[in-house]
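Hi,

Here's the structure I promised to pass on. Have a look through it first, and my notes on what turned up follow below.

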Amino acid sequence: MLMKKTIVMVGLGLIGGSLSLALRRDTACFVIGYDRDANTVRTARRLDVIDEMAYSLAKSVKEADYVIFATPVNTTKELLVQATKWELKDSAVLVDTGSTKKEIVQLANELGLPFIGGHPMAGSHKSGITAARAHLFENAYFVLCASHHVTDQQLNAFQELLGPTKAKVIEVSAEEHDQMTAVVSHFPHLIAASLVHQLEASSSGDLTKQLAAGGFRDTTRIASSNPIMWRDITLQNKDQLLNQLQLWMSEMERMHQILVESNPETIESYFRLAKDQRDALPIHSQGALYSTFDLYIDVPDYPGVISEVTGLLAKHAISILNIRIIETREDLYGVLVISFQSDDDRNRAIDCIHAETIFETYIA
Ligand SMILES: NC(=O)c1ccc[n+]([C@@H]2O[C@H](COP(=O)([O-])OP(=O)(O)OC[C@H]3O[C@@H](n4cnc5c(N)ncnc54)[C@H](O)[C@@H]3O)[C@@H](O)[C@H]2O)c1
Ligand SMILES: O=C(O)C(=O)C[C@]1(C(=O)O)C=C[C@@H](O)C=C1
């Protein structure tokens, strides 16, 4: 019989909660949850995110096969120092989920800990246990960075453990990781936050903010993320961020020139090249290029039709991310677009809509 693996999850927010839910899809995992906020631990148990609550971290880790830190990255460094005093099993492995890797892996090396740096490239601007979802990591990259004190066998075993997350596991060095994430995740966050500050500085009244529609909202969504998490990321990846900022200032200088020259062809080609390059980026279901799973439903235009569809999905416990109508003309069919977080949810929605209504569905 397969031995159950005991996992102590430290930090039960968006990532710790989601990882616990995902790993517990595999019945061979038993998750003991710990958070510095006792209410969060109770909520995690009540929502069945964890199997058991940890009252004392130092005691719970004695039983652990894996201790996973899903805490802000500077807190993770403090916890690694504490971990040197823990009584761990000989075979126990420590892992983290932090957005930066270089300083954390370096510290684990210095402390001689059996550590694997981990970073699921999926997330959200939401934080906390109530935002946790089992399918958060599906199809997303899960980056691993080995430390000096783990064996290939331990690395492979952890990759296997991640199976139920349905993430794509890749291994890179901690330095490469921080360089790449600075470009596609950390620096964009600085830009999003700075655009929000620029709006504040440029708008004299509420009307400008009212006009902030799709474009502004899309480009600044991530500015709503947890400031403590981003404070720590910025501090740990400062050097790479300074490089990116330098490049950004040169790019803005180029943009300034283009505007001053006002040559329509140059302006068009600047945007065309950006469009072509953006359109050619690989699309993942999660991560830096977050895309949802949309389902189009032709519905007749009568009152209550939307609640009929959403009620049906609720009855089958299928969560929806977003809902919108893209076309409504009187006496004609409207098109209801419902976004789901996974392909699985969308397929279940198609099945129940077809079984219980006469509405046509299609995927664009
Ligand atoms: N949010 C994202 O999109 C995302 C994606 C990938 C990785 N990450 C990384 O994952 C980690 C967790 O991020 P999150 O989004 O889940 O944050 P979160 O704010 O949702 O959760 C963090 C949790 O850690 C707890 N915590 C803080 N200090 C603690 C301590 N000393 N001991 C125990 N618990 C403590 C908090 O109470 C909170 O419940 C961070 O390192 C972050 O960089 C975040
Ligand atoms: O989608 C979002 O809200 C995110 O910010 C997720 C995102 C990212 O930049 O892609 C943010 C930080 C994490 O380390 C990993 C993922």
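Before the sheet makes sense, one definition: two strands count as paired if DSSP finds at least two bridges between them. Also bear in mind that this is a predicted model.

With that in hand, take strand 6 (residues 115-120) and strand 7 (residues 141-146), which pair over 5 bridges in the antiparallel sense.

Stepping back, the chain splits into three stretches: domain 1 covers 5-172, domain 2 covers 177-279 and domain 3 covers 293-362. Between the C-alpha centres of domain 2 and domain 3 there are 35 Å.

Now for the helices. Two packed helices are described by the angle between their axes and the distance between those axes.

Start with helix 4 (residues 73-83) and helix 5 (residues 102-111), whose axes come within 10 Å and cross at roughly 5°. Angles under 35 degrees count as roughly parallel, so helix 4 is roughly parallel to helix 5. On the helix 4 side the contact uses Val 73, Thr 76, Lys 77, Leu 80 and Val 81, while helix 5 brings Glu 103, Ile 104, Leu 107, Ala 108 and Leu 111. Sorted by class, the residues in this contact of helix 4 with helix 5 are 7 nonpolar, 1 polar and 2 charged.

Next come helix 7 (residues 174-202) and helix 11 (residues 238-261), with axes 9 Å apart and a packing angle of about 65°. That angle makes helix 7 roughly perpendicular to helix 11, and their crossing is right-handed. From helix 7, Asp 178, Gln 179, Ala 182, Val 183, His 186, Phe 187 and Leu 190 meet Gln 240, Leu 241 and Gln 244 of helix 11. The contact of helix 7 with helix 11 has 5 nonpolar, 4 polar and 1 charged residues.

Last, how do helix 13 (residues 305-315) and helix 14 (residues 343-356) cross? Their axes come within 10 Å at roughly 120°, which means helix 13 is oblique to helix 14. This crossing of helix 13 and helix 14 is right-handed. Val 309, Leu 312 and Leu 313 of helix 13 make the contact with Ala 349, Cys 352, Ile 353 and Glu 356 of helix 14. By class, the contact of helix 13 with helix 14 counts 6 nonpolar, no polar and 1 charged residues.

Over to you!

Technical notes. Residues numbered from 1 in each chain as written. Chains lettered and ligands numbered in written order. Predicted model: local features only at pLDDT ≥ 70, side-chain atom pairs only at ≥ 80, totals over all residues. Axes fitted to C-alpha atoms, helices over the stretch in contact; angles between N-to-C directions. Helix = DSSP H or I, 4+ residues; strand = E, 2+ residues; numbered from the N terminus. Parallel < 35°, antiparallel > 145°, perpendicular 65-115°, else oblique. Left-handed = near helix turned anticlockwise from the far one by under 90°. Contact = placed C-beta atoms within 7 Å. Nonpolar A, V, L, I, M, F, W, Y, C, P; charged D, E, K, R; others polar. Domains from an automatic or database assignment.
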